[in-house]
Amino acid sequence: MSVRLSRRQLLQRTGTAAAAAVGLSACSGRSLLTAESGDPPFVSRPDLTPPQVRVRRHGALGDPRYIFLNAPYSGPGHGGSYILDHHGHFVWFGPNTATNRRMNFCVQTYEDKPVLTWFQGLIVPAGYGKGELVIADSSYKTRHIIRPPRGELADFHDFYVTPEGTALITIYRKHSGIDLTKRRGPKDGHVISGVAQEIDIKTGSLLWEWDSINHVPLADSHFYLFPGQGTKASPYNYFHINSVSPTFDNSGDVLISGRNTWCIYRVQRNNAGTLVWRLNGKRSFFNMGPGSHFYWQHHVREFSGNRITVFDNGAKPVKEKNSRAIILEIDTAQRHVGLQKAYIHPGEVLLAGAMGSAQLLEDGRMFVGWGTEPHFSEFAADGRLLLDGDIAVGAPSYRAFTQAWSGHPTEPPTAAARHRSGGGAVVYASWNGATDVATWRVFAGKSKSALHEAGSGRRSNFETAIAVRHNGPYFAAQAHDANGNALARSAPVKIR
């Protein structure tokens with residue numbers, strides 16, 4: 001006989017990074033589902049200490065999906081990439097290392113199969129990355145690593161896998177000998193430009209490149225050149241590329257976002273990188289309708305119906321009262337841009353100075369990552385807040401997504417056993433990244449080779465605790481799917 005253990009805590013929040021706890025409680029008549037997946041560090045995986053996350057459900061959600069976040073920095077817990085279910089329970093955690101911080105974690109499609117993609121490397125103080133780009137399969141094994149040619153390093157801001165098996169990526173490139181006197185800088189100045197590249201994933205060959213220094217003048221920047229900048233030690237980051245993606249019409253054009261120019265550029269993927277139009281900024285091709293202007297933006301994507309989604313940061317410096325996820329309607333014939341919809345957090349003033357994402361889902365829902373404001377939200381098409389979550393202070397997510405995923409790790413589950421007051425044991429079971437686990441069965445015995453079933457329990461979190469009336473001293477946990485099929489068993493462990 002077994003008893004399934006549940007752990008509930010009252011959520012307590014303070015303004016300090018160390019004071020975030022999770023559990024299950026009620027708040028203002030709403031169900032508050034909080035997730036920290038069993039009080040990390042987990043008993044069965046003490047090596048995994050993810051940031052603390054809580055999720056609030058405000059209304060009926062659409063199709064079940066997972067939530068994909070990444071914390072490049074460590075608040076309470078360890079930074080890294082992580083997958084949560086819609087209740088906020090951890091499903092998978094890939095921690096950062098001393099030399100590799102992960103950014104821009106999501107599901108994409110490569111060779112007709114869903115894959116995980118992310119950046120890993122260093123994040124420099126100027127706000128860009130120096131590293132490489134990773135494609136991993138459903139077992140979380142790395143299949144491709146993409147590095148720019150000519151010895152340059154990839155940036156984290158965007159990594160778009162195309163249906164043609166290529167990758168659109170961003171790079172930050174330094175230039176010297178630039179006259180910055182008109183910007184009140186040195187005559188022999190140093191500048192960082194924004195570079196978009198298309199690389200063949202299998203061969204690593206460079207197929208196309210666009211460098212802002214050849215197409216966007218310094219005068220278009222809204223980013224001030226402060227005293228001491230424009231030098232070799234502190235180059236002028238006038239453009240700050242943060243998004244590159246194909247247009248919806250399959251024309252071969254791409255959309256490029258320059259944060260510091262407040263502008264979106266439609267560019268042809270030809271040798272010249274011909275500019276088709278500029279949207280917003282100092283020299284917009286379009287008349288910008290009421291509410292359609294944006295500032296310091298991130299994560300630009302195009303959809304059917306001549307719609308473009310943008311995460312409008314509105315800071316820094318501050319230009320708006322709130323950050324917004326917006327949908328713009330583009331009329332190229334009339335050269336007009338209108339605001340179709342804006343999503344603003346209804347409960348808190350969220351003004352993100354950096355990062356952020358706006359993910360438009362097929363049914364019209366909008367999933368928003370609030371960047372340096374460590375929150376994520378899901379809205380109905382009509383603007384109702386369906387889901388709201390936040391991450392521990394000090395652990396913001398660069399972007400946040402909700403996507404379907406099926407994970408099948410090749411490494412086995414893990415288990416740990418502890419003495420239970422009054423006799424028997426509590427067995428803790430987990431399987432990092434497995435999405436098909438519905439129940440756990442516990443096996444116990446006097447030796448590692450003679451284990452017999454001693455109890456079971458439904459999966460309750462990343463880590464499930466099951467009490468059994470058996471003293472072992474050896475135990476193992478076996479994962480089963482919803483149909484009762486055995487998936488994998490942990491190695492035997494001795495009770496402690």
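Trainee: Which side chains meet in a salt bridge with Asp253 in it?

Mentor: Asp253 pairs with Arg266, at 2.9 Å from N to O. Those two link distant parts of the chain, 13 residues apart: Asp253 sits in the loop between β17 (241-246) and β18 (254-258), and Arg266 in strand β19 (residues 263-267). Keep in mind that this is a predicted model.

Trainee: Is Asp253 buried or exposed?

Mentor: Asp253 is buried, with a relative accessible area of 9%. Arg266 is buried too, at 10%.

Trainee: OK, what about Glu209, what does it form a salt bridge with?

Mentor: With Arg173, and their closest N and O atoms are 3.0 Å apart. This pair also joins distant parts of the chain, with Glu209 in strand β15 (residues 206-211) and Arg173 in strand β13 (residues 166-178), 36 residues apart.

Trainee: Which residues are linked in a network of salt bridges?

Mentor: Arg54, Arg56, Glu348, Asp388 and Asp390.

Trainee: New topic: where does Arg384 lie?

Mentor: In the loop between β28 (375-379) and β29 (385-391). Its side chain has a polar contact of 2.9 Å with that of Asp382. Leaving out residues up to four places away in sequence, Arg384 touches Glu378 and Phe379.

Methods: Residues numbered from 1 in each chain as written. Predicted model: local features only at pLDDT ≥ 70, side-chain atom pairs only at ≥ 80, totals over all residues. Heavy atoms only, no water. Helix = DSSP H or I, 4+ residues; strand = E, 2+ residues; numbered from the N terminus. Contact = heavy atoms within 4.5 Å. Polar contact = N/O pair within 3.5 Å; in protein donor to acceptor, adjacent residues only side chain to side chain. Salt bridge = Lys/Arg side-chain N within 4 Å of Asp/Glu carboxyl O. Buried < 20%, exposed > 50% of the residue type's maximum accessible area, 1.4 Å probe, protein only.
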